[in-house]
Amino acid sequence: MAYSEKRLAYPLTHKSNQTDNYHGTLVTDPYRWLENPDSEETKAWIEGENKITFAYLNEIPVREKIKQRLTKLWDYEKYSIPFKEGEHYFYFKNDGLQNQSVLYTLKTLDDQPKVLLDPNKLSEDGTVALSGLSISYNGKLLAYGLSSSGSDWQEWKVRDVESGEDLQDHLKWIKFSDASWTRDNQGFFYSRYDEPNEKTRLEDVNYYQKLYYHRLGKPQSEDVLIYHRPDQKEWGFSGDVTENGQYLIISVWLGTDSKNLVFYKDLINANAEIVELINQFEADYSFIDHDDRIFYFRTNLDAPRGRVIAIDTKNPTLENWQELIPQTAETLESVGILNNQFVADYLQDAHTKIKIFDLKGGFLREVELPGLGSAGGFGGKRNDTETFYSFTSFTTPGTIYRYDMVKDKSELFRQPKVDFNPEDYETKQVFYHSKDGTKVPMFITHKKGIKLDGNNPTYLYAYGGFNASMTPGFSVSLLVWMEMGGVYAMPNIRGGGEYGEEWHQAGMKEKKQNVFDDFIAAAEWLIANKYTRSAKLAIAGGSNGGLLVGACMTQRPELFGVALPAVGVMDMLRFHKFTIGWAWTSEYGSPDNPEEFKTLYAYSPLQNIKPDTAYPATLITTADHDDRVVPAHSFKFAAALQAAQAGDAPTLIRIETKAGHGGGKPTDKIIEEASDKWAFVVRTLDIEV
């Protein structure tokens, strides 16, 4: 890649002589000291890197123009799907540029809405976010979780819906948990960890989660311990009360593996023991509802794309399980019950299909959606005859529909007004072949009428892991990219859940290289089909997608013009030593295992940076409060990349302060980061705007 600008002078980053022995292989780790985010040396390094990065970004003339356009487009009313508890409806609304969306309540959908909780008033800069909520059965009480600066740690409080006043309840040290109320509205179940060391709580590992019951008005110290396993430090617990209040369903999770256990407790019988209904980590079981002793589950047991089964809790052995809805060619994502019918959400080639079945599993109909895209919602109680859903695509902002379950009729409820014409853009889905011949789908969106001459700036984005499905969705940021003549490409690579558990497992552990091969093949397809060329191609991804970008840019540095790894997992030999990183060994494998170490070492981005190599222009992004993927991953990767970079391409790291992994990020920070990203891409790909 040829750059007309002079090579940047990066901060001098001290190298230690740290070396580790992994099963007989010696691995150097000269930037280990950057793992301590609070040392004076690290703080000085962060300041020095940000100084260079922001000096570079602020010099880009088009940056302010991009920011103004992003801000103008972002400034539209955004509503969530309304939902009902007791006599109240609830929904979120953002006026346009508010840092956090506001929770409103109203008695009927035609009433004047009342503000129930405005997170913007909880901090000066919008960095305190609402990170969870649960409303009591009678609709009179709101339990809500708050997180600061994007941390995964939450504190929960309780608010009176009518008065808007908080009660005295205050719960701490909660992470990876919701709250589920008992039917009597007197309290709720939640999961927490023991109190961590205050100084190192953003790095320390999280083990021994415990399930508690909190009774309103009592101090947290008096909460009742419902379940824990001192012999299983990695087990996590999610407690959910059934709609009729009869049972507490306990889902037991182990890391990020989709396989789980299911226990239950009869809440009507005060002396009831916890029953281990499913006690082997063999498959994924999502509880739907129950009819007396018959429990309904969505599972991928013997059905990698999902099916619905019924288990009689009086005869719970496997041979007595009944299949209600068999596996189909599409992937069954989730199931609920409305109007006493199963509402099943399927994915067909990464776009939504909704099908309705009776409770015996008989197919009734398919819901007609507005087009090819992503639909979500269809929530409510089992006797409800109406529900709401949101529909979105790459060129359709989230539009809310009201759906009548009896008449099978959708009507428009809320449509956002965004300052663009969707008719100016087109989306197509193509299928290409990966290195091993596997057929992979890819969405491509751009302005109508572009020339396929190999000169279009193209932004290739994917994730490829943890069974997460990448489906069409609207983004103001991507719209600005396409307005500038950019092409957006999103392949549904292996490791995701688009085609069920087999697709996921084909990108896990020893098969992780398939994920990188799929992404590289997508880039090669775009080049071969004259959408773009290497000098005009940017690749991006966040978290596990940051790992994807890091692996691909170190394996094929010549293939890409720009790399944008965000909050990435870059050190595959030490990821399991921080916060919840240990939980990802079910996805990646563990460096402590000699065979799995070989796989990880072969692709770990940090260890595969080669000296004196011309790497693409790179803007690494992370945040100082990221306690999901600790920023040390990005710090060490940036230091190593800057030391190895042979070409003139800029190698920068942008370190956000008072922010985390991305959850709850205020609007102004999102716009600032998007402006910086697109300005960097415009400058380094030499795009005329």
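1. Let's start with Asp292: aspartate 292 is exposed, with a relative accessible area of 54% (exposed means over 50% relative accessible area, buried under 20%, partly exposed in between, using a 1.4 Å probe and protein chains only). Aspartate 292 sits in the loop between β20 (285-291) and β21 (294-299), and its phi is near 55 degrees, a positive value in a residue other than glycine. Most residues other than glycine have a negative phi.

2. A word on the model before going on. This is a predicted model, where local features need pLDDT of at least 70 and side-chain atom pairs count only at pLDDT 80 or more, while totals for chains, interfaces and linings use all residues. Residues are numbered from 1 along each chain as its sequence is written, and side-chain values use heavy atoms, with hydrogens and water left out.

3. Tyrosine 208 also has a positive phi, near 60 degrees, in a residue other than glycine. You'll find tyrosine 208 in the loop between β13 (187-192) and β14 (210-215). Tyrosine 208 is partly exposed, at 37% relative accessible area.

4. Now the chain as a whole. It has ten helices and 39 strands (DSSP runs numbered from the N terminus: helices are H or I with at least four residues, strands E with at least two). Its radius of gyration is 25 Å, close to the 26 Å that the globule rule gives for 689 residues, so the chain is as compact as a globular protein of that length (the radius is taken over C-alpha atoms, and the rule is 2.2 Å times the number of residues to the power 0.38). Buried residues make up 59% of the 689.

5. Take a look at strand β39 (residues 651-656), where six of six residues are buried. Thr651, Ile653 and Ile655 point one way from β39, and Leu652, Arg654 and Glu656 point the other way. Strand β38 (residues 617-623) runs parallel to β39 and is joined to it by six bridges (two strands pair if DSSP finds at least two bridges between them). Alanine 623 has glutamate 656 of β39 as its bridge partner.

6. Last, which residues does serine 675 contact, leaving aside its neighbours within four places in sequence? They are Arg63, Ile66, Lys67 and Leu70 (contact means heavy atoms within 4.5 Å). Serine 675 is found in helix α10 (residues 667-684) and is buried, with a relative accessible area of 0%.
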